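Keep the viewer open as you read.

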Amino acid sequence: MSSAGAEAASVGVTGGTGQTVRTDIPARLDRLPWSRWHWLVIIALGVTWILDGLEVTLVGSIAGALTDKDTLGLSTSQATAAGSFYLAGAVGGALLFGYLTDRFGRRKLFMITLGVYLVFTVATALAWNFWSFMLFRVLAGAGIGGEYAAINSAIDELIPARVRGRVALAINSSWWIGTAFAAGLTVVLLNVLEPTIGWRVGFALGAILAIGILFIRHLVPESPRWLLTHGRADEAEEVVQQIEAEVRKTHPNLPEPEGEPLEIEQRGSIGFASIAKHVAKEYPDRGVLGLALMASQAVLYNATLFGMVAVMTTFFHASKENAPLYIIPFAIGNLLGPWILGPLFDSVGRKVMISSTYILAGAILLVTAWLFYQGSLSATTLTICWSICFFFASAGASAAYLTVSEIFPMETRAMAIALFYACGTGIAIAAPWTFGKLIETGSVEKVTLAFVIGGVIMIIGGIVEVLLGVEAARKPLEAVARPINAVRGRSAGAAPARAR
């Protein structure tokens, strides 16, 4: 057995053929100049986060309307609990679809997961009571949870290494476009339409947007890197040639690939237990890092966003119809952070930028908590404080998703993303419900404590990055984490064979 085969066997690889393929495909993808084809990938994949932002914010924004007797008649804690149900579905969806993404491919699964989201968002618009609403939120969340693994894998494996950081941050931050849109949409729906139908129309509009995405997403190809590890090297070569042909339309003279070719042993699939075993054995520090980054940002965001409107109506007496307007400047701060700071994650580096954004966000939230406790804030100044805090937090949180997708081997990428997303989000599942219960008490002291906990958790995440962070800026994925099935100790002097 080759050294690659022995290592693969140690992590539970099944269905391997024992055959190897020598390739320069990763280097050819990384050397491509930026083109219209790359913009297509960003649009087709990034729009999903607009949908997720729309979903999450819509539920938080209409929480007040759902408590009316003429709608679903929920309590405040029940309305905010919709966020917890949605997150529970996202965790389950990430685990299920993450496994299927690694087994059956990125492209096939990000079509299926979008379809799941579409069906159950329409169903949400037709909910008739608390339990039907929560069931449909779970299932819609499952579709979005599955998207995290499929899409982040595709982004990493199709975008050139030199700009991978800024592109990943920009795509993940598009979530806040949906947030701002949902906030404005909610105000219109709740003021213009009857409360009994306004919230239903909001979910239906999200479904219409999803249908539009389906029409452009089929243009994104399967990941050649995934094809390479599944015994489909000829298909991988064909896809890369098609991508190169598209890029040559605007850049006729492509640069030569850099670095040595890889030799990859073909294999089948790897299970979750095997990934956990491999991470614990080969990358224990990276496992702790991924969990710390994902859990800390998940707790902060899910508690704050799902309870933001409730804070405004409870402590600052904002009207239920207009309170969602405060989310718009908050969303703008979250959107601008990754867009403005994103290039620094490629130039200055991941470790410095992730740790500094996490620690700064935590420190600003602690200051905000103190001002809130002192009664020094109005609805407007609290929104400003949140916007500044999340300007940094958003960049760091987006980089957390990037981190767990690039610091583990190619063969485990989708399931590693799913595993860390599920663990991190699972820790935060109770955050929206807990924050809702604290707000329901009307106690300034208890809500202040929630802010303090969020700030401290973010600072801890930043400290973990300082201690355990991996510098992946501008490096090929294969250099950050060598593929499990890469053949070791062989000469790379000969030119790589290409499928014809």
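Start at Phe330, which is buried, with a relative accessible area of 0% (buried means under 20% relative accessible area, exposed over 50% and partly exposed in between, with a 1.4 Å probe and protein chains only). Before going further, bear in mind that this is a predicted model, where local features need pLDDT of at least 70, side-chain atom pairs count only at pLDDT 80 or more, and totals for chains, interfaces and linings use all residues. Residues are numbered from 1 along each chain as its sequence is written, and side-chain values use heavy atoms, leaving out hydrogens and water.

Now for the rings. Those of Phe, Tyr and Trp (its six-membered ring) pair if their centres lie within 6.5 Å; planes under 30 degrees apart count as stacked, over 60 as edge-to-face and the rest as tilted. That rule gives 19 aromatic pairs. One of them is Phe330 with Phe390, edge-to-face at 4.8 Å centre to centre and 70° between the planes. This pair links distant parts of the chain, 60 residues apart: Phe330 sits in helix H15 (residues 327-347) and Phe390 in helix H17 (residues 379-406). Helices here are DSSP runs (H or I, at least four residues), numbered from the N terminus. Phe390 is buried too, at 0% relative accessibility. Both rings belong to one aromatic cluster, whose members include Trp386 and Phe451.

Over to Asn172, in helix H8 (residues 164-173). Asn172 is buried, with a relative accessible area of 8%. Leaving aside residues up to four places away in sequence, Asn172 touches Trp49, Asn152, Ser398 and Tyr401, where contact means heavy atoms within 4.5 Å.

Methods
Helix = DSSP H or I, 4+ residues; strand = E, 2+ residues; numbered from the N terminus.
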